[in-house]
Amino acid sequence: MIKAFIISAMLLSAYGSFAQQLKGAWYSWNPYQSLDDNRKLTGLDYELISKIFEESGIEVKFDESDNDSWDKNQQDVRNGGKDFTGGAFMTEFRKENYFVSKPYRFEWNSIYCGRSDKEIARIDKLDDLLDYIEKHKIKLGAIEGYKYTSVKINRFIEKQLKEGGECLAIAKTEEQNFKNFMSGKVRLVISDRLVGARVLWDNDWGEEIQEHQIILPKKPIHLLLHKPADSLKRIAYSRYIDQFNIGLDRLTERGEIDQMIKKHLFPVLMNITVQTDWFFIIDLIGILFFAITGLLLSYDLKLDVFGVILLTLLFCAGGGIVRDLLVNRPLSLMTSPIIMQVILGISILGFALLRIHLWLSRKYESYRKSTLRSEAGFNTVRIVIEAMALGAYTIVGVGVAVEMKLEPLGIWGPFLGCVTSCGGGILANCLIVRKNPILMGTADPEVSIFWGIFFSQFLIWQTDRLNPHEVFIGVIITMIGSTSFIVLSAWRKWKSPIIRK
């Protein structure tokens, strides 16, 4: 009994002597861990690990000046120079040489290629891509000492390192990895998906580099804690890892881990929405169809050339101007020349074509009669054009909410979608001083808000998946759904409830 008491006392004493500040190893890996403008450490892993240790009752410290490589971090933790580091996959070697925590998040990797590299972009299987790299002696950019989520890619890198690395270019940082791509040293880059999206966004490289269509698996991420050779120290460190796991479980149950992760996943969400070809096409559809809507209304109102251009401008860009002013964003009308080009092109060309139409109607009776017979079909086409423009701009508005990192997205997404799609029509109707149909019974705002809610919630759900193909399907569903609802409401003569008749 006395012997057991003495042993217990020795263990407690040993634990107490080691229960000082734990020192964390880190390296610049934005947005997981990096220095902000004030030279303070920030990032997803830094915030998660600090919060979990705080919940566990353990004090930790990071030295902002001690920025090493990932390979050096692991060595420091293994030899005891540092106590822990985050962002690690589970391997047999790490299980044997470190105390490994429960997973505190998951990680995705992505392959990146040039937007103009159509030959590589159309390869849809990883085995075929790796064969293509070896066959054509293409350089793949990777990070020193990093293990990726794909076993096949890890084997490929190990093989290349043993054989001299003819198809491999190793970089110390992700930034350098992508700089190698931009300078032509590599043709492909493999990167953590969140880091890659952030690098592209921060450096405005989205027009040159795209995420490859091959989807790599996601894997759990763990904390590595020093495993001392000394038995008493090992007991103390084993208690640290147990406390860390308990703190992690508590935060997970309260939903705080998910909230912190989703906040940092916005750059990837931006990369697969705002920085994609289809987003530009959707924006262009909205501009084109709203320009036609403005042109046709100008024809009904018998406006001159200036009136046509001004009304078309309001329909195309009015909602976007209001939206950008609300969220303190550079005006898209000023930053995207294509908007004015489309507006001027449609206005001038449409003005000329409608003048020709009027001339033909006056000169040829048969032409006038044929246009009258086609009036019902023309009105249907007009409704469909307006409906597609509204659907496109609803998607654009939600995309801007994502770009501006507005929270909660479930509220700001539908709101900006509605402002973008309906704001131009409201301003245009105010300009021509007539009853404003958008505010007096049409279902346009309600349809925009409904499908804005749908698309926003879809993107929120996607933060756990981040699949660009699924996001594109969500865009198509939103576009078809909103267009169908507008056409159906016009056909059935559905009206929004008004305050009084």
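Is Arg382 buried or exposed? Arg382 is buried, because its relative accessible area is 17% and the cut-off for buried is under 20%. Keep that residue in mind; its partner comes up below.

First, how far can the model be trusted? This is a predicted model. The mean pLDDT of the chain is 86. Of its residues, 91% reach 70 or more. Strand E6, residues 98-100, has the highest mean pLDDT, at 97. Helix H1, residues 2-18, has the lowest, at 49. Over residues 11-17, pLDDT stays under 50. For that stretch the model has eight contacts beyond four places in sequence. Where pLDDT is low, the predicted coordinates should not be read in detail.

Now turn to helix H8, residues 174-182. Its buried residues are Glu174, Asn177, Phe178, Asn180 and Phe181. Seen down the axis of H8, they fall within an arc of 150°, so they line one face of the helix. An α-helix has 3.6 residues a turn, so residues three or four places apart point the same way. What covers the buried residues of H8? The cover includes strands E7 (105-114), E8 (140-143), E9 (168-171), E10 (188-192) and E11 (209-211). Helix H9 (193-203) is also part of the cover. After H8 comes Gly184, with a positive phi near 90°.

Next, the salt bridges. The count comes to 21. One of them joins Lys172 and Glu144, whose closest N and O atoms are 2.9 Å apart. Lys172 lies in the loop between E9 and H8, and Glu144 in the loop between E8 and helix H7 (151-162), so the pair ties together parts that are 28 residues apart in sequence. Lys172 counts as exposed, at 54% relative accessibility. Glu144 is partly exposed, with a relative accessible area of 28%.

Back to Arg382. Its side chain meets that of Asp300 in a salt bridge, 2.9 Å from N to O. Asp300 lies in helix H13 (residues 277-301) and Arg382 in helix H18 (residues 375-403), so this pair ties together parts that are 82 residues apart in sequence. Asp300 is partly exposed, with a relative accessible area of 44%, whereas Arg382 is buried.

Salt bridges that share partners join Arg323, Asp324, Arg329 and Glu403 into one network.

Key. Residues are numbered from 1 along each chain as its sequence is written. This is a predicted model: local features need pLDDT of at least 70, side-chain atom pairs count only at pLDDT 80 or more; totals for chains, interfaces and linings use all residues. Side-chain values use heavy atoms; hydrogens and water are left out. pLDDT is the predictor's confidence in each residue, from 0 to 100. Helices (H or I, at least four residues) and strands (E, at least two) are DSSP runs, numbered from the N terminus. Contact means heavy atoms within 4.5 Å. Buried means under 20% relative accessible area, exposed over 50%, partly exposed in between (1.4 Å probe, protein chains only). The arc is that of the directions from the helix axis to the C-beta atoms. A salt bridge is a side-chain nitrogen of Lys or Arg within 4 Å of a carboxyl oxygen of Asp or Glu.
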